[in-house]
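Work through each task before reading its solution.

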Amino acid sequence: MATSEAGTLRLGTAQGRWVLLATVLGSSMAMLDGTVVNVALPRIGADLGAQLDALQWTLNAYLLTLAGLILLGGALGDRYGRRRVFLVGVLWFAAASAACAAAPNIEVLIIARAVQGVGGALLTPGSLAMLQAVFHPEDRSAAVGLWSGLGGVSAAVGPFLGGWLVDGPGWRWIFLLNLPLAALVVAVSARHVPESRDESATGRFDALGAVLAALALGAVTYALTAAGKGLSAAVWVTGAAGLLLGAAFVAVERRTPEPMLPLGLFSSRLFTAVNLVTLAVYAAFSGVFFLLVVQLQIVSGFSPLVSGLALVPITVIMLALSARAGRLGKRIGPRLPLTVGPLLCAAGVLLMLRIGPDASYWTDVLPAAAVMGSGMVLLVAPLTATVLAAVDVRHAGIASGVNNAAARAAGLLAVAALPALAGLSGDDYQEPDAVDSAFRIAMLICAGLLVAGGLIALATVHGNVLAPEDEHPVAEPDCRYACATNAPPLDPGHPAAASAAASAEHGEGPATSSATGP
């Protein structure tokens with residue numbers, strides 16, 4: 001469909017429903033992949049004879065390429081066509097998923113997961129950006145709201161589906177599941193989704209910045225992961241190289257005319273503070289979701305299916321209450337939700353210390369998940385809206401993308417560092433006593449990170465930047481870099497992004513928001 005038709009499509013038409021279906025299914029591919037792989041990790045390790053550091057890289061290889069390239073993926077879509085880049089990402093993701101399913105050993109699986117992350121970086125920004133670009137302004141909020149709700153449903157199904165597949169036909173099917181989804185997305189998108197692009201996008205891409213960012217994150221991640229086996233010379237050298245690459249990235253961003261990360265954003269104290277909160281809380285979330293399923297399967301003896309269901313209460317709470325939390329944040333300001341939310345999450349994490357060899361789902365797992373979900377529902381929507389409100393209108397899109405990348409980088413580093421800090425390495429993840437001991441140490445660390453996030457918010461967030469639009473208008477994100485990353489997701493395609501986009505369009509706090517999974 002021609003680019004000229006963009007911005008005129010109505011939601012109530014048949015074509016509008018097809019476009020919504022394509023974007024929901026596209027984001028659901030990445031979302032499902034993020035929720036089901038964690039559940040499968042113990043079984044993957046046993047089947048492929050992998051040690052713990054290899055399982056960490058099974059997650060981190062994907063997160064590394066995704067975090068490093070997601071802003072570049074958004075820029076490519078804006079320049080060359082969002083539908084075109086979205087479809088390239090879907091096909092790339094599907095091909096990499098097939099390679100994951102066929103992996104004969106853990107090394108091939110890790111490489112395929114890194115390639116899969118590149119596909120995710122291409123398709124994830126395009127999902128919501130296409131909705132923003134092709135629908136009529138009067139229908140955008142409704143379209144984004146439906147995208148959010150349907151995405152939340154798919155996220156809720158993810159852990160259950162992953163557990164069922166691992167228990168049934170096997171863990172390879174969690175990757176094969178992406179192939180029919182990709183085929184449907186390509187068919188629908190090619191026929192029904194209008195092309196759109198930013199006609200004003202000019203200049204060179206910040207490819208050097210993207211490469212330096214990915215290399216810096218990769219080197220630091222390798223050092224943290226390898227530290228679990230001891231502080232060897234390679235660990236110190238790689239860690240130092242990562243820090244030097246990070247410094248080079250900052251230097252490049254200062255001098256590049258069109259930087260991937262405009263450092264001027266951090267002149268806003270509020271923006272800097274909220275991103276520090278994001279780093280702390282999303283590192284904790286990723287650590288919890290990574291180790292909880294291992295604890296449930298290895299120590300408590302739960303099946304992968306029941307372990308996958310452990311996090312469903314969090315999704316249900318988020319879907320049910322996020323809209324109210326968004327309205328509350330708008331009314332009272334973000335400081336209290338951004339303080340109380342992490343503290344309530346910390347209480348939920350501490351309740352997880354009750355999960356042991358004789359744990360009961362109903363008395364041990366469910367209460368902890370419910371308390372943590374209650375904290376997340378207070379936190380996520382105001383965090384999203386505050387990121388958008390902390391910067392000038394013209395920078396809202398890139399600001400939300402930076403916050404998204406910060407959340408992913410925090411998760412990447414947490415998964416790398418926590419096992420080493422907790423004393424878990426090698427084949428220890430197969431030993432119940434070792435896992436139980438490490439889990440308890442790790443949960444204390446995660447609770448500490450959450451408390452730190454709450455205290456940062458208490459000390460640095462002041463006033464009500466989420467006030468009505470006549471006082472503090474919240475920017476509608478432009479789509480120059482990554483409109484699909486308006487919230488810091490826990491996994492690709494996180495539906496909380498939709499709440500920010502919908503609310504930003506009308507100059508108000510989040511109308512809806514949902515979250516799920518690791």
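**Exercise 1.** Determine whether Cys100 is buried or exposed.

Solution. Buried means under 20% relative accessible area, exposed over 50%, and partly exposed in between, with a 1.4 Å probe and protein chains only. Cys100 has 0% relative accessibility, so Cys100 counts as buried. Cys345 is likewise at 0% and therefore buried. The model is predicted: local features need pLDDT of at least 70, side-chain atom pairs count only at pLDDT 80 or more, and totals for chains, interfaces and linings use all residues. Residues are numbered from 1 along each chain as its sequence is written, and side-chain values use heavy atoms, leaving out hydrogens and water.

**Exercise 2.** State how many disulfides are counted.

Solution. A disulfide is a pair of cysteine sulfur atoms within 2.5 Å. By this rule the count is zero.

**Exercise 3.** Describe how helix α3 packs against helix α7.

Solution. Helices are DSSP runs (H or I, at least four residues), numbered from the N terminus. Axes are lines fitted to C-alpha atoms over the stretch in contact, and angles run from 0 to 180 degrees between N-to-C directions. For α3 (residues 82-101) and α7 (residues 178-192), the angle is about 160 degrees and the axes lie 9 Å apart. The angle makes α3 roughly antiparallel to α7, a term for angles over 145 degrees.

**Exercise 4.** Describe how helix α10 packs against helix α16.

Solution. Helix α10 (residues 269-299) and helix α16 (residues 432-460) pack at about 160 degrees, with axes 8 Å apart. Therefore α10 is roughly antiparallel to α16.

Technical notes: Helices (H or I, at least four residues) and strands (E, at least two) are DSSP runs, numbered from the N terminus. Angles under 35 degrees count as roughly parallel, over 145 as roughly antiparallel, 65 to 115 as roughly perpendicular and the rest as oblique.
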